[in-house]
Structure formats: C-alpha cells, structure tokens
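Here is a short report on a protein model with its ligands. Have the sequence and the structure open as you read.

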Amino acid sequence: MSGAHTVVAIDGPAGSGKSSVSRAAARELGFDYQDSGAAYRALAWYVLDAGIDTEDADAVIAALDGFPYTIGIDPDDYFVRVGDTDVTEAIREPRITAVVSHIARVPAVRVRMVELFRSVIAASIRPGIVTEGRDITTVVSPQAQVRILLTASEEARMARRSAEITGQSASDVGKQLSSRDAQDSKVVDFMNAADGVHTVDSTHLDFDQTVSAVVDLVRSTVE
Ligand SMILES: Nc1ncnc2c1ncn2[C@@H]1O[C@H](COP(=O)(O)OP(=O)(O)OP(=O)(O)O)[C@@H](O)[C@H]1O
Ligand SMILES: Nc1ccn([C@@H]2O[C@H](COP(=O)(O)O)[C@@H](O)[C@H]2O)c(=O)n1
C-alpha cells in the first residue's frame, strides 16, 4: 500500500451492506471506518429528543448549532454519542429510521454534514479511512483514491434486512426499505455509479466474498 493516506468512498442503497462490509474491510486493511448515516440518524435522535418536529426544516437547522455529536472511527471501537448519551443502538430503532430522511433532505443540514465528514476524514491517523453513505463518492470525497458503489438486488437487500429485524413482518421491512430509498433518491443518486466509480454487486456473493471484493479493489488500486 502506498505511503499516502488512502480514502475509500462507498455508497449504496439501504441494506446493501455498506456499514457491515465497510467496517470489516477497514479492519482488514488497518484503516479507520466512518459511518456517515450515523450522523444523520444521531441528528434525528437529537431533534426528536428535543421535541422538535422532524419535518420543520427551520427548527432542524436551528438544532444543528448545538448538536454535540461524536463517533468512534476505530472499526473495533465503534460508538455514536450525542453529548454524554451513547446512542449507538438507539439510532437504529424504527422510530429513527422512519424520520431520518426528513432530516437528510434539508440542504443546510447536508452542507454541515459534508463539512463534518470531511473533517473526520482529515483527522484520521491510520493509513486510510473507509467512509460509507449515499453521497461520499460524489459530494464528500469525489477525489477519493477508491470509489465504490456497493449494491445488491432489492430482493436480496430486503431478505438480509428482514433476517436481522425481529418483531416486524418481512413485507413491512421491505416496504420501509424501498420507501426510504425512494425518499433519499430525490436528494442524491446512489443507485447509479458516477464516472470512475467501481460497482460491487453482492447479490450473489456472501458476506466474506463481498468484503474480499472491496479489499482486493482497494489493494489493487492503491498498491
Ligand atoms: N454479501 C452479503 N451477503 C449476506 N448478507 C450480507 C451481505 N452484505 C451484508 N449483509 C448483511 O445484510 C444486512 C444489511 O447490511 P448493512 O446494515 O451493513 O447495510 P447498510 O447498507 O449499511 O444498510 P442501511 O443503509 O440501511 O444502514 C446485515 O445483516 C449484513 O450482515
Ligand atoms: N451520506 C449519507 C448517509 C446517510 N444519509 C441519510 O441517512 C439515512 C441513514 O443512513 P444509513 O446508512 O444509516 O441507513 C439515510 O436513509 C439517508 O437519509 C444521507 O443522506 N447521506
């Protein structure tokens, strides 16, 4: 691997494996790992906690100024905090997933988030960082040495997501996943690979094969 700090940008739709695959790939590469969706989710949690309507864009923007967000970027020590509260698990709750797109569609929120993600990338002291989300290959880090669109068929993504969620029917989980993609797609394009972005389609790959595909791509590009 070259001596320069390597930035790996990964985008993709909900349930495509961005967080789990990116974290495992970062671990294997000895890189940091940044989950950008966690910041939008944590802001949604913070806004709900303050009793603010997530559809009130002005109130959400006002909340940004005091948003005390921290994230762990060591893939072996992942956490998300808002102030002193550990929200690592809470931000995955369905009540957050249901409203996070309201927050993410506000342009002023996106501007602040892009600044935040870039500052985390700049602060990374490992040989590289894998950052994943929806607009990392196109907006946050279009100059990243390695840019990947991680995808899988909607059927595969729904099956994987419903396998990890208990207490909700597969059909409800599937509807929520496609509805969130539809809302998020109005704001950024994470369904089509931009010029220079490699597509990794995991529909017919198992988890380890997908991680290997990402790691091999990084090594072959950077070495
Ligand atoms: N290639 C694969 N084969 C089988 N299961 C996979 C594969 N890739 C990921 N998974 C599993 O699919 C599920 C969804 O993955 P993950 O949460 O990483 O997706 P995501 O893209 O980050 O989703 P979201 O955007 O909704 O947060 C997890 O249970 C993960 O272990
Ligand atoms: N770069 C990003 C990352 C995320 N979002 C928004 O956050 C939501 C949660 O993301 P997950 O990856 O944790 O599912 C997602 O649905 C988007 O609304 C984003 O806009 N840009």
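Which residues does UniProt list for "domain: Cytidylate kinase"? The unreviewed entry gives residues 8–219. UniProt positions follow the numbering used here, feature names are shortened, and annotations may be inferred rather than shown by experiment. Over residues 8–219 the chain is 49% helix and 15% strand. The end C-alpha atoms of that stretch are 11 Å apart. Helices (H or I, at least four residues) and strands (E, at least two) are DSSP runs, numbered from the N terminus.

This is a predicted model, in which local features need pLDDT of at least 70, side-chain atom pairs count only at pLDDT 80 or more, and totals for chains, interfaces and linings use all residues. Residues are numbered from 1 along each chain as its sequence is written, chains are lettered from A and ligands numbered from 1 in the order in which they are written, and side-chain values use heavy atoms, with hydrogens and water left out.

**Ligand 1**

The shell around ligand 1 holds 19 residues. A residue counts as near if one of its heavy atoms lies within 4 Å. Lys18, Ser19, Ser20, Arg161 and Glu164 come nearest. By class, this shell has 5 nonpolar, 7 polar and 7 charged residues. Here Ala, Val, Leu, Ile, Met, Phe, Trp, Tyr, Cys and Pro count as nonpolar, Asp, Glu, Lys and Arg as charged, and the others, Gly among them, as polar. α1, α8 (154–164) and α10 (207–222) each supply at least two residues. α1 gives the most, with 4 residues.

**Ligand 2**

The shell around ligand 2 has 15 residues. The closest are Arg41, Arg110, Asp135, Arg180 and Asp184. It splits into 4 nonpolar, 4 polar and 7 charged residues.

**Polar contacts**

A polar contact to a ligand is a pair of N or O atoms within 3.5 Å. Arginine 134 has a side-chain contact with ligand 1 and another with ligand 2.

| Residue | Ligand atom | Distance |
|---|---|---|
| Glycine 15, backbone | Ligand 1, oxygen | 3.0 Å |
| Serine 20, side chain | Ligand 1, oxygen | 2.6 Å |
| Arginine 134, side chain | Ligand 1, oxygen | 3.3 Å |
| Serine 36, side chain | Ligand 2, nitrogen | 3.1 Å |
| Arginine 110, side chain | Ligand 2, oxygen | 2.7 Å |
| Arginine 134, side chain | Ligand 2, oxygen | 2.9 Å |

Now the cover. On its own, ligand 1 has 640 Å² of accessible area, and the protein covers 82% of it. Ligand 2 taken alone exposes 450 Å², of which the protein buries 96%. These areas come from the Shrake-Rupley method with a 1.4 Å probe.

**The pocket**

Where do the ligands sit? Ligand 1 takes the space of the largest pocket. A pocket is an open set of points on a 1 Å grid over the protein atoms alone, where a 1.4 Å probe fits, with protein on both sides within 12 Å along at least five of seven lines; lining residues have an atom within 4 Å of a point. A molecule sits in a pocket if more than half of its atoms lie within 2 Å of its grid points.

For "binding site", the unreviewed UniProt entry lists Gly12, Pro13, Ala14, Gly15, Ser16, Gly17, Lys18, Ser19 and Ser20. From this set, Ala14, Gly15, Ser16, Gly17, Lys18, Ser19 and Ser20 are in the lining of the largest pocket. Glycine 17 lies in the loop between β1 (6–11) and α1 (18–29).

Key
Polar contact = N/O pair within 3.5 Å; in protein donor to acceptor, adjacent residues only side chain to side chain.
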